[in-house]
Amino acid sequence: MKQLVIKAFGDASQLVLTETDAPALAADQIRVRMHYAGVNPIDAKTRAGLGWGAQAIKDKLPWSPGFEVMGTVLEVGAEVSIHQPGDRVFGLLTGGGYSEQLVVAADALLPVPAGVSDEMAAGLALAGTTAWQGLTEHGGLQAGERVLISAAAGGVGHLAVQLAKDLGAAVVALGSPANHDFLRSLGADEVIDYRDQAGLEAMAPVDLFFDLVGGTSGCALLSHVKSGGRVVTVPTITADKVIAAAEPLGVKATGMLKHQDNQQLAQLVQAVAERRLKVEVSQVYPLAEGAAAHRQIETGHTRGKILLQG
Ligand SMILES: NC(=O)c1ccc[n+]([C@@H]2O[C@H](COP(=O)([O-])OP(=O)(O)OC[C@H]3O[C@@H](n4cnc5c(N)ncnc54)[C@H](OP(=O)(O)O)[C@@H]3O)[C@@H](O)[C@H]2O)c1
């Protein structure tokens with residue numbers, strides 16, 4: 001089977017398509033034909049040797065990125081009853097999604113409901129889980145509150161805008177002008193160009209800041225949070241910096257690392273099936289063009305999600 005791997009940390013050209021044996025199947029596992037794998041900033045950061053992801057795999061190279069997939073079940077292990085060959089499945093992985101075939105624990109992936117496209121299911125798991133957990137578990141967002149979402153047109157942000165609206169919050173979305181109509185179409189109440197200082201200064205303070213950019217940008221936006229308000233800063237590499245900058249302002253900032261929760265994922269995909277949540281897929285690349293997909297995600301200006309097609 002074909003698999004996209006890195007043999008060493010480095011730039012996108014480190015991604016090479018290899019031919020490898022399909023893994024054996026254990027009794028509690030399923031074999032899945034990958035149709036689409038989501039491409040996320042963590043894939044590129046880990047490929048580059050940055051952050052906790054790279055620490056975790058530095059002694060396990062070659063390594064195949066890919067933390068979320070959608071595919072069709074090819075084969076089930078002897079003890080598996082929750083999936084059948086032919087089922088469409090999706091969900092989170094611990095890596096290895098950039099592969100034609102995957103062998104995973106049967107309960108790692110969930111069924112894709114009728115009415116949800118393969119592409120939308122592929123792009124939902126990582127960004128949707130992060131948006132939901134950031135807004136609710138970490139951010140404690142309540143109906144009637146104002147929430148500021150940076151990188152609102154990106155993978156996590158465009159889902160966070162919709163979920164925050166669904167929770168009854170007033171959403172202030174930051175994005176470049178080319179994304180303003182898109183952000184309004186997702187339900188944002190106010191849209192502001194993050195480069196427009198006057199626009200930012202005129203913004204009324206918020207109860208929650210969902211920081212999807214971190215670093216200097218995250219620190220600069222802290223002054224727009226009400227005293228006693230909350231910040232969830234999502235990029236892990238700069239979380240300590242934002243948390244330290246928030247404290248003297250009387251604002252409580254926390255970092256987060258998304259975790260797998262199949263009940264939440266089932267609710268998110270049901271929301272997609274009921275047209276309450278839309279996953280915007282802006283581009284699909286063939287598996288062999290993974291390097292181009294990584295270069296795109298590294299621009300920091302991707303709208304919605306990009307996918308690799310297996
Ligand atoms: N801790 C966790 O568990 C976890 C989970 C998921 C993601 N993350 C991290 O969260 C971050 C966001 O992930 P993502 O997948 O949403 O990224 P993404 O899709 O690459 O985000 C792209 C978006 O960022 C916007 N953007 C770029 N610079 C900006 C700025 N200075 N201010 C406001 N918006 C800006 C762009 O808007 P324009 O095109 O309009 O300029 C674009 O829409 C990444 O750092 C990722 O690694 C962490």
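Predicted model: local features only at pLDDT ≥ 70, side-chain atom pairs only at ≥ 80, totals over all residues.
**Exercise 1. Find how strand 9 (residues 170-174) and strand 10 are joined, and how many bridges there are.**

Solution. Start with the two strands themselves: strand 9 and strand 10 run parallel, and three bridges join them.

**Exercise 2. Work out the strand order of the open sheet of six strands, then name the edge strands.**

Solution. Reading across the sheet, the order is 10-9-8-11-12-13, and the pairing is parallel. Now look for strands that pair on one side only: these are strand 10 (190-192) and strand 13 (252-255), the edge strands. Finally, step from one strand to the next, and the twist averages 15°.

**Exercise 3. Locate Ala151 and Arg275, and decide for each whether it is buried, partly exposed or exposed.**

Solution. Begin with the backbone. Most residues other than glycine have a negative phi. Ala151, not a glycine, has a positive phi of about 50°, and Arg275 has a positive phi of about 65°. Next comes location: Ala151 sits in the loop between strand 8 (146-149) and helix 4 (155-166), while Arg275 belongs to the loop between helix 9 (262-273) and strand 14 (281-286). Last, apply the cut-offs. Exposed means over 50% relative accessible area and buried under 20%. Ala151 has 32% relative accessibility, so it counts as partly exposed. Arg275 has 62%, so it counts as exposed.

**Exercise 4. Find the cis peptide bond and place its proline.**

Solution. Most peptide bonds are trans. The bond between Leu61 and Pro62 is cis, with omega about 0°. Pro62 is in the loop between helix 2 (51-57) and strand 4 (68-76).

**Exercise 5. Characterise the second largest pocket.**

Solution. Start with its volume, about 260 Å³. Of its 15 lining residues, those closest to the centre are Gly95, Gly96, Leu102, Val103 and Val104. Strand 6 (residues 101-105) gives the largest share of the lining, four residues. By type, the lining has eight nonpolar, seven polar and no charged residues.

Note on methods:
Residues numbered from 1 in each chain as written. Heavy atoms only, no water. Buried < 20%, exposed > 50% of the residue type's maximum accessible area, 1.4 Å probe, protein only. Pairing = 2+ DSSP bridges. Axes fitted to C-alpha atoms, helices over the stretch in contact; angles between N-to-C directions. 1 Å grid on protein atoms, 1.4 Å probe; cavity = no way out; pocket = protein on both sides within 12 Å on 5 of 7 lines; lining within 4 Å. Points joined across faces, edges and corners; volume = space filled by probe spheres on them. Nonpolar A, V, L, I, M, F, W, Y, C, P; charged D, E, K, R; others polar.
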